[in-house]
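Colleague: I would like to learn how to read the features of a model like this one. Please give the general idea each time, then the case at hand.

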Amino acid sequence: MSRIGRKPIEIPEGVKVAIDGQRIVVEGPKGKLEKEVHEDLVLSQEGGKLFLKPKQANELLKSTKSVWGTFRQIVFNMIEGVTKGFEKKLEIEGVGYRAAVAGDTFSAEVGYTNPSQLKIPQDLQVVVEKNVVSIKGKDKEMVGQFAAKIRALREVEPYKGKGIKYDTELVKRKLGKRAATTTAGA
């Protein structure tokens, strides 16, 4: 049994949930999200709560166990996304490194000959303030994926700390050649 999968999902005020077979549609103040639930799971709504249960409760397959908690959390994130939304922040470190948003295009100058450009997905808002890039949206998966794409443009290198990193990420710094030569002679 999945400990996470068994937990009911509270439906807050102002959120509408529609279940049509394996499809769930969640609508709230920030917008609307749809998802197809795994075929081994059944969604049910009782009062102000949502329940996700396996179709065959007496014989739980390994594949069913592995997706039960995951899909429960995906549905929970859909409800949280249409009420509060999600945000990821990235920091850009390095001399001459900068980013800008023009229309639906994110461009970053991070040490390459030409600026790197990414098309911003329709449901996301990207804001650049000095060296901080803020990505907001209702779909947690989309926000995280776009943040990962931006970070992949230039990952932080461990010697000088130059690159793009999450605001909560800690970069392990290495000493380099200079420190190795000073300690070797002592």
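Modeller: What follows goes from overall dimensions to sheets, cores and single residues. This is a predicted model, in which local features need pLDDT of at least 70 and side-chain atom pairs count only at pLDDT 80 or more, while totals for chains, interfaces and linings use all residues. Residues are numbered from 1 along each chain as its sequence is written, and side-chain values use heavy atoms, with hydrogens and water left out.

Colleague: How many helices and strands does the protein have?

Modeller: Helices (H or I, at least four residues) and strands (E, at least two) are DSSP runs, numbered from the N terminus. The protein has 4 helices and 13 strands.

Colleague: What radius of gyration does the protein have, and what would a compact globule of 186 residues have?

Modeller: The radius is taken over C-alpha atoms, and the globule rule is 2.2 Å times the number of residues to the power 0.38. For 186 residues a compact globule would come near 16 Å, but the protein has 22 Å. The C-alpha trace spans about 70 × 45 × 25 Å along its principal axes.

Colleague: In what order do the strands of the 4-stranded open sheet stand?

Modeller: Two strands pair if DSSP finds at least two bridges between them. In this open sheet the order is β11-β12-β7-β13, with antiparallel pairing. β11 (125–129) and β13 (163–166) each have a single partner strand, so one side of each is left without a neighbour in the sheet. From one strand to the next the twist averages 20°; axes are lines fitted to C-alpha atoms, for helices over the stretch in contact, and angles run from 0 to 180 degrees between N-to-C directions.

Colleague: How many bridges join β7 to β12?

Modeller: Strands β7 (residues 86–93) and β12 (residues 132–137) run antiparallel and are joined by 6 bridges. F86 has G137 in β12 as its bridge partner. Helix α3 (residues 140–153) packs on this sheet and touches β7, β11, β12 and β13, its direction making about 5° with that of β7. Contact means heavy atoms within 4.5 Å.

Colleague: Which strands form the 3-stranded open sheet?

Modeller: That sheet has the order β8-β9-β10, again with antiparallel pairing. Its edge strands, β8 (98–102) and β10 (116–119), each pair on one side only. Neighbouring strands here are turned by 20° against each other on average, direction ignored. Between β9 (residues 105–109) and β10 there are 4 bridges, and F106 stands opposite L118 in β10. α3 packs on this sheet as well, touching β9 and β10, and its direction makes about 170° with that of β10.

Colleague: What lies in the turn of the hairpin formed by β2 and β3?

Modeller: The hairpin has 2 residues between its strands, and G21 in the turn has a positive phi of about 65°. β2 (residues 16–20) and β3 (residues 23–28) pair in the antiparallel sense over 5 bridges. A18 has V25 in β3 as its bridge partner.

Colleague: Which residues have the most contacts inside the largest nonpolar core?

Modeller: In soluble globular proteins, nonpolar side chains tend to be buried together. A nonpolar core is a set of buried Ala, Val, Leu, Ile, Met, Phe, Trp, Tyr and Cys residues joined through side-chain atoms within 4.5 Å. Buried means under 20% relative accessible area, exposed over 50%, and partly exposed in between (1.4 Å probe, protein chains only). The largest core has 20 residues, and F106, V133, I135, F146 and I150 have the most contacts inside it. β7, β9, β12 and α3 each supply at least two residues, and α3 gives the most, with 5 residues. A second, separate core of 19 residues includes V15, F71, V75 and V82.

Colleague: Which residues does I135 contact beyond its neighbours within four places in sequence?

Modeller: Among them are F86, L90, L124, V126, V143, F146, A147 and I150.

Colleague: Is S116 buried or exposed?

Modeller: S116, found in strand β10, counts as buried at 16% relative accessibility. Not counting residues up to four places away in sequence, S116 touches F106, S107, A108 and L153.

Colleague: Where is the place of K174?

Modeller: K174 is in the loop between β13 and α4 (177–184). With 47% relative accessibility, K174 counts as partly exposed. Leaving out residues up to four places away in sequence, K174 touches P158 and Y159.
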